[in-house]
Amino acid sequence: MQTVIEALRNILGTPDFYETGSGYSGTWDYGAMIEYLVGAILVMIVVSYIFRMLKWIFCK
């Protein structure tokens, strides 16, 4: 399971949604969350289409 997560981090980058300020409280970067979520969904869609295509080619 770690290798799948590492592969996704290589494609999408390391998620850094929480920005710490100079004090103790930080802020969440919602734009980065949405961008990471959309990227992850697109990667999942592409991988599923690749497997569908391979199934269609080899399991006719």
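**View 1. Tyrosine 36 reaches over to the glycine 13 backbone.** In this predicted model, the side chain of tyrosine 36 comes to 3.4 Å from the backbone oxygen of glycine 13, a polar contact (N or O atoms within 3.5 Å, one able to donate a hydrogen and the other to accept it; residues adjacent in sequence count only if both atoms are side-chain atoms). Local features here need pLDDT of at least 70 and side-chain atom pairs 80 or more, while totals for chains, interfaces and linings use all residues. Residues are numbered from 1 along each chain, and side-chain values use heavy atoms, leaving out hydrogens and water.

**View 2. The surroundings of tyrosine 36.** This tyrosine sits in helix 2 (helices are DSSP runs of H or I, at least four residues; strands are E, at least two). Leaving aside residues up to four places away in sequence, tyrosine 36 touches Arg9, Leu12, Gly13, Pro15 and Phe17 (heavy atoms within 4.5 Å). Tyrosine 36 is partly exposed at 21% relative accessible area (buried is under 20%, exposed over 50%, with a 1.4 Å probe and protein chains only).

View 3. Phenylalanine 17 lies in the loop between helix 1 (2-12) and strand 1 (18-20), so the pair ties together parts 19 residues apart in sequence.

**View 4. Methionine 53 in its helix.** Look for methionine 53 in helix 2, residues 30-58. Methionine 53 is partly exposed, with a relative accessible area of 46%.
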